[in-house]
Amino acid sequence: MPELPEVETVRRGLAMKLEGRRLVRVDQHRPDLRFPLPADFARRLTGRQVLSLDRRAKYILIRVEGGLVWMIHLGMSGSMVVKPGPAAAPAAHDHLVFHTDDGWVVTYNDIRRFGFMDLFDETGMEAHPMLSALGPEPLGNGFHAAGLSARLAGRAGPIKSLLLDQKVVAGLGNIYVCEALYRAGIDPTRTGASVAGADAERLVPIIRDVLNEAIAAGGSSLRDFVQSDGELGYFQHSFQVYGREGEGCGRCDCDVGVTGGVARITQAGRSTFFCARRQR
DNA sequence: AAACCTACCTGATCGC
DNA sequence: TGCGATCAGGTAGGTT
């Protein structure tokens, strides 16, 4: 599921219900998600107050009383949904259930179980193996044309795959890379090196725009994504190329019967959608 | 180092 | 209706 806009949407929804609340009970229904949960995970969270919720790339980072950071990654199909208690009987794939002192119930459900959680001392955050190598936050000041160009310079791989690399820029996934490259008019098969420079200059604000618009829409709901209140996002209605193989692209004025419309190719094992006429 | 490939897991969909 | 193949928003870890 979730790329940066979806994770940010979930973070905001959770923050409204969790910040300042105390976790009075944590039900853990299995020992592992993608990776084993940390030792004593539920016990260490129980009784603690939630201080604040931040996001880095696609990670939700929750500061918890006692100098702890509770890290959540939603993987492909994870969701964190908040409902008023009392808790209903756990549904299929409800792996963890968190109860607050004011009666809310937060359920982590993850069909494919590609998500994971960690709980560590905040002093270890910089060095955390999943955080330390991340590239700049695309909505922050650290993401700019000069830096992106430097990371693309000399790279022979396709720009599509490089933008999915969380070390190049953090938080983008398959949907938003396709959409950003479309808006920038950049052919996804071009090398990173060829995009460094003027094209990178154009790409930076476009990436920001796409992400901000998607956040404003509550993310994109395809198969599994739901916001923390269980509602769907609606940015999927704004896709220009993603999932539109054979149809006209967002600004299409050509004869799809002749051009074939939006193309779908595979790059590094992932589907790429693009318009060969508008992306060069 | 960089580019590519596979594994992880479940469910939906499609062709036969 | 059933069955296998394929595909899905992500990342780690392995191999060239």
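Chain A is divided into domain 1 (4-124) and domain 2 (145-237), with bounds that come from an automatic or database domain assignment. This is a predicted model, in which local features need pLDDT of at least 70, side-chain atom pairs count only at pLDDT 80 or more, and totals for chains, interfaces and linings use all residues. Residues are numbered from 1 along each chain as its sequence is written, while chains are lettered from A and ligands numbered from 1 in the order in which they are written.

Taken over C-alpha atoms, the centres of domain 1 and domain 2 are 27 Å apart. Their contact takes 16 residues from domain 1 and 19 residues from domain 2, two residues being in contact if their C-beta atoms, placed from the backbone, lie within 7 Å. On the side of domain 1 that touches domain 2, helix H1 (4-18) and strand S5 (78-84) each supply at least two residues. Helices (H or I, at least four residues) and strands (E, at least two) are DSSP runs, numbered from the N terminus.

The largest nonpolar core has 65 residues, and Cys-178 and Val-241 have the most contacts inside it. Such a core is a set of buried Ala, Val, Leu, Ile, Met, Phe, Trp, Tyr and Cys residues joined through C-beta atoms within 7 Å. Both domain 1 (4-124) and domain 2 (145-237) give residues to this core, so it lies between them. Leaving aside neighbours within four places in sequence, the contacts of Val-241 include Cys-178, Tyr-182 and Phe-273.

Cys-178 also brings helix H5 into view, as one of its buried residues. Nine of the eleven residues of H5 (residues 174-184) are buried, so this helix is largely enclosed by the rest of the structure. Here a residue is buried if 20 or more other C-beta atoms lie within 10 Å of its own, exposed if 12 or fewer, and partly exposed in between, with C-beta atoms placed from the backbone. Helix H4 (159-164), helix H7 (198-216) and strand S10 (270-274) are among what covers the buried residues of H5. Gly-185, with a positive phi near 70°, follows the helix.
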